[in-house]
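Please read the following note with the sequence and the model open side by side. The points are numbered so that each can be checked in turn.

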Amino acid sequence: MSQREFSSFRAEGVAAGRRRAKEGERQDWSVNVARRIMHVDMDAFYASVEQADRPEFKGKPVIVGGARRGVVSAASYEARRFGVHSAMPVFQAKRLCPGGIFLPVRMGRYKEVSKVVMDILCGISPLVEQISIDEAFVDITGTEALHGSPESLGRRVKSQIRAATRVTCSVGIAPGKFVAKIASDIHKPDGLTIVEDDRVEAFLAPLPVERIPGIGKKTSEALRSLGVRAIGDVLRFPASFWVKRLGAWGVKLHERARGVDPAPVIAYSQAKSCSAEDTFPEDVDDVETLEKWLFVQSEEVGKELRRESFRGRTVTLKVKFADFSSITRSHTLREATDCTQLIFGTASRLLRALKLNRKVRLVGVGVSNLSAMPEQKPVFSDSMLVRQRKLDRAMDRIHERFGHGALRRGRVLGFESPADEEGDP
Ligand SMILES: [Mg+2]
């Protein structure tokens, strides 16, 4: 991009920001320009932790995944060479990589390592937004006097994380979040990619247009029919063209293709949601069994929320069918909650409303739309809620003292709790 185009981009960014400010939105327009956002992403996280803990697995294809019929949660780079990737059914991974080392998920251990990583990042800037167990954005705008150039800071973060965890990460630094995320991904593993302000368009131009967040299959097909394959192709048409075609999303698309992304880094949002899910050893088709699982998951989610002093308003049910298609259904409550019974009740109503006619292989419950909340009296002096809260607290104390298997509420007695199995990295 030439210097003149760049300055007009800056001017536009400021003007747009002012308009927003006038409309009373909480957008600080000054963040539109000269921001520096760092995205840190651990490389093949679960698999790398296993290799760090068991040096004999170094250099070998390690596949972390659910027992029996689960899916791959993470594959080491050695395993990826066989075509294994996360979210693939384990049986398929075994077929592709029969000599692979298949390990169960050790979520507790990954959380420990994740905490070490996040603590390092919090030492750089107070603006750290953790987006998953192994990924975070750090706003490093204006930290040069303190930390040196972005490049030296990037190198230091990488070596600190490596020294503390024996796991490598990839770092991307750019003026906005989505470009930083693409940058961290582009030279994985152990990469460091810095995109300077005036290189953003040139950096994005050759990449497939699907790299822009929010472009699903449908939009992608529509774009391809216009001959738009790379992000740079979007800019062959003016913003007005995209608005006519795609409405408000057209403006966004055009902005994204130019690398404009004013989304701020929001600190402490690691608890955007809290969820639990399980893949069954055998497909399930009766609602009662599914509800039992939902109850165990609601208990787990509720306990985690209570432990972290969070409450959430939106309860989401996730169902994956035997044919691997999946759906989610959400319900937003009037009041944020951390109550097991309320989470379960909402999830089970969502489940019953589905009128299932297919076998199910996975079910899960999530609570999102979270807010940090100190202990407070319930707004409704609903005695049922008060009783539930007492029960929740008693259950939490017992689990804390005697472990999770110590006591289950009446509903799940005689029902065996599933093994830990979580998705992605
Ligand atoms: Mg990762």
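1. Is Thr316 buried or exposed? Thr316 counts as buried because its relative accessibility is 19%, where buried means under 20% relative accessible area, exposed means over 50%, and partly exposed lies in between (1.4 Å probe, protein chains only). Thr316 is found in strand β10, residues 310–321, and helices (H or I, at least four residues) and strands (E, at least two) are DSSP runs, numbered from the N terminus. The side chain of Thr316 is joined to that of Ser330 by a polar contact of 2.8 Å. A polar contact is a pair of N or O atoms within 3.5 Å; within protein, one of them must be able to donate a hydrogen and the other to accept it, and residues adjacent in sequence count only if both atoms are side-chain atoms. When neighbours within four places in sequence are left aside, Thr316 is in contact (heavy atoms within 4.5 Å) with Thr328, Arg329, Ser330, Gly364, Val365 and Gly366.

2. A word on the source: this is a predicted model, in which local features need pLDDT of at least 70 and side-chain atom pairs count only at pLDDT 80 or more, while totals for chains, interfaces and linings use all residues. Residues are numbered from 1 along each chain as its sequence is written, and side-chain values use heavy atoms, with hydrogens and water left out.

3. For the protein overall, the secondary structure comes to 16 helices and 12 strands, and 48% of its 425 residues count as buried. Among the contacts with a separation of 6 or more, 65% are between residues 24 or more positions apart.

4. The annotated positions come next. UniProt, in an unreviewed entry, gives the annotation "active site" to Glu135, and lists Asp41 and Asp134 under "binding site", also from an unreviewed entry.

5. Asp41 has its place in strand β1, residues 37–42, and is buried, with a relative accessible area of 11%. Asp134 lies in the loop between β5 (128–132) and β6, and is buried with a relative accessible area of 4%.

6. The contacts tie these positions together. Not counting residues up to four places away in sequence, Glu135 touches His39, Val40, Asp41, Met118, Glu129, Gln130 and Lys181. With neighbours within four places left aside, Asp41 is in contact with Asp134, Glu135, Cys169, Ser170, Ser184 and Lys188.

7. Two pairs of helices deserve a look. The axes of α14 (residues 287–308) and α15 (residues 340–353) come within 8 Å and cross at roughly 145°, where axes are lines fitted to C-alpha atoms, for helices over the stretch in contact, and angles run from 0 to 180 degrees between N-to-C directions. By class, the contact of α14 with α15 has 10 nonpolar, 5 polar and 5 charged residues; here Ala, Val, Leu, Ile, Met, Phe, Trp, Tyr, Cys and Pro count as nonpolar, Asp, Glu, Lys and Arg as charged, and the others, Gly among them, as polar.

8. The axes of helix α12 (residues 239–246) and helix α13 (residues 248–257) come within 6 Å and cross at roughly 140°. On the α12 side the contact is made by Ala239, Trp242, Val243 and Leu246, and on the α13 side by Ala248, Trp249, Gly250, Val251, Leu253 and His254. These residues divide into 8 nonpolar, 2 polar and no charged.

9. Finally, two prolines in loops. Pro213, in the loop between α9 (200–204) and α10 (217–225), counts as partly exposed at 42% relative accessibility, and, its neighbours within four places in sequence aside, is in contact with Phe178 and Trp249. Pro104, in the loop between β4 (101–103) and α5 (107–122), counts as exposed at 53% relative accessibility.

Conventions
UniProt positions are given in the numbering used here, feature names are shortened, and annotations may be inferred rather than shown by experiment.
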